[in-house]
Amino acid sequence: MVSRPVLQRENIFVTSPLLVEGASRAGKFFLGNLLAGIEGVEGIQWIGMTEQLIHLYHLGLIEKEPLKNIILIEFDNLGYQRMIGRNLNFRYDDKTSIYNSPNPKLLLERCLGADGEVVVEFVKSNNLCFPFLIHEAFQDIDLFLEASPSLKVLRIERHPVDLVFSWFKRGWGRRLGTDARDCTVILEGKKCPLPWFAHGAEELYADVSEMDRVIHALFLINRMAEARQAHLSDKQKKRILFVSFEAFHVEPDKEIEKIAAFLCRKVGSLWVTAKLKQKLPAKHPREARKEKEKEIARLASPKAFALLKEMEKKYHQRWGE
């Protein structure tokens with residue numbers, strides 16, 4: 001009988017991975033395009049398939065050790081492809097487009113550059129950091145921390161009213177499980193298709209209004225994230241930095257310095273360009289929030305709106321809004 005194989009991945013390409021995590025519409029791409037303003041930090045890439053595997057793991061459908069190995073393979077694969085100019089995004093308005101990079105010329109030059117071992121040596125000698133973006137994965141963030149001992153995490157958070165309003169306008173209260181462009185993990189429900197995060201909480205998702213679905217979705221995602229945070233070890237917590245979407249708008253220089261220090265790096269010469277491309281600094285988002293809250297209150301049930309106010313209270317306690 002052949003023994004069960006044991007996975008290992010020791011000679012890795014990406015030795016300084018950075019995970020940018022947060023809810024959908026929280027500002028991860030916005031933050032990712034600013035990170036290139038830090039010395040030695042590459043452009044951000046979305047790990048879409050790994051994201052779905054994480055959600056399947058959360059549901060108990062995938063084993064832990066194989067998924068940890070897949071995470072490292074995905075980091076290395078995307079990191080190497082980035083360095084040789086493969087899989088670049090040329091769609092002008094996309095957040096991951098090379099045109100949103102502070103140095104698109106460098107990315108284009110890589111398409112004509114060398115590949116192979118010379119790239120490996122260049123990455124190691126320059127201690128390059130590769131940021132990867134993922135949605136709604138904090139409930140299983142310990143899996144990433146275990147998979148890569150050198151991984152650091154940026155968790156970006158946004159005011160709940162702005163987040164709910166953005167989700168609603170994006171259609172996430174009706175599109176999940178019904179839109180062909182929705183490529184997320186969907187479950188079979190008794191009354192309707194259910195997003196992965198509604199497993200065991202169908203009563204909060206079925207037979208409610210579109211606005212209530214959005215509020216309940218973010219409530220469930222936040223509750224899972226808070227539960228995971230409470231169980232992280234002190235060592236794990238030191239590898240995570242929480243970032244405020246609002247603070248980055250009004251004090252971008254201060255916030256990028258915090259992240260650079262967290263990564264043990266310095267803010268580089270590309271920071272000014274990165275900041276200008278994102279039109280920073282900007283007005284605080286609170287100035288447009290009252291009208292958003294009025295529309296949410298008009299469309300939400302009293303119980304769902306009370307949940308939103310509970311999330312808002314916690315957010316203010318955390319960030320001093």
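The following legends describe close-up views of a predicted model.

View A. Five strands form an open sheet in the order 2-3-1-4-7, and their pairing is parallel. Strand 2 (45-46) and strand 7 are the edge strands, each of which pairs on one side only. Helix 11 (residues 252-262) packs on the sheet, where it touches strand 4 (152-157) and strand 7. The direction of helix 11 makes about 170° with that of strand 7. In general, strands of a sheet pair through backbone hydrogen bonds, in either a parallel or an antiparallel manner.

View B. S244 belongs to strand 7, which spans residues 240-244. S244 counts as buried because its relative accessibility is 4%, below the 20% limit for that class. A polar atom of the S244 side chain lies 3.3 Å from the backbone nitrogen of E246. When neighbours within four places in sequence are left aside, S244 is in contact with E157, Y315 and W319.

View C. S166 is located in helix 7, which covers residues 160-170. With a relative accessibility of 11%, S166 counts as buried. Its contacts, apart from neighbours within four places in sequence, are with R25 and R158. A26 is 140 residues away from S166 in sequence, yet the C-alpha atoms of the two residues are 9.0 Å apart in space.

**View D. The enclosed helix 2.** Helix 2 (residues 48-58) is largely enclosed by the rest of the structure, because eight of its 11 residues are buried. The buried residues are G48, T50, E51, Q52, L53, I54, H55 and Y57. The elements that cover them include strand 2, helix 3 (64-83), strand 3 and helix 6 (141-147). Just after helix 2, G60 adopts a positive phi of about 80°.

**View E. The nonpolar cores.** The largest nonpolar core contains 61 residues. Those with the most contacts inside this core are L35, L154, F197, I215, F248, I259 and I296. Helix 8 (residues 210-230) supplies the largest share of the core, namely nine residues. I259 touches L31, L35, I38, L154, L241, V243 and F248, residues up to four places away in sequence not being counted. In soluble globular proteins, nonpolar side chains tend to be buried together.

**View F. Cysteines without disulfides.** Zero disulfides are found in a search of the whole structure. For C264, the closest cysteine sulfur is that of C129, at 11 Å, which is too far for a bond; the limit for a disulfide is 2.5 Å between the sulfur atoms. C264 counts as exposed, with a relative accessibility of 66%. C111, by contrast, counts as partly exposed, because its relative accessibility is 38%, a value in the class between the 20% and 50% limits.

Definitions and conventions. Residues numbered from 1 in each chain as written. Predicted model: local features only at pLDDT ≥ 70, side-chain atom pairs only at ≥ 80, totals over all residues. Heavy atoms only, no water. Helix = DSSP H or I, 4+ residues; strand = E, 2+ residues; numbered from the N terminus. Buried < 20%, exposed > 50% of the residue type's maximum accessible area, 1.4 Å probe, protein only. Contact = heavy atoms within 4.5 Å. Polar contact = N/O pair within 3.5 Å; in protein donor to acceptor, adjacent residues only side chain to side chain. Pairing = 2+ DSSP bridges. Axes fitted to C-alpha atoms, helices over the stretch in contact; angles between N-to-C directions. Core = buried A, V, L, I, M, F, W, Y, C linked by side-chain atoms within 4.5 Å.
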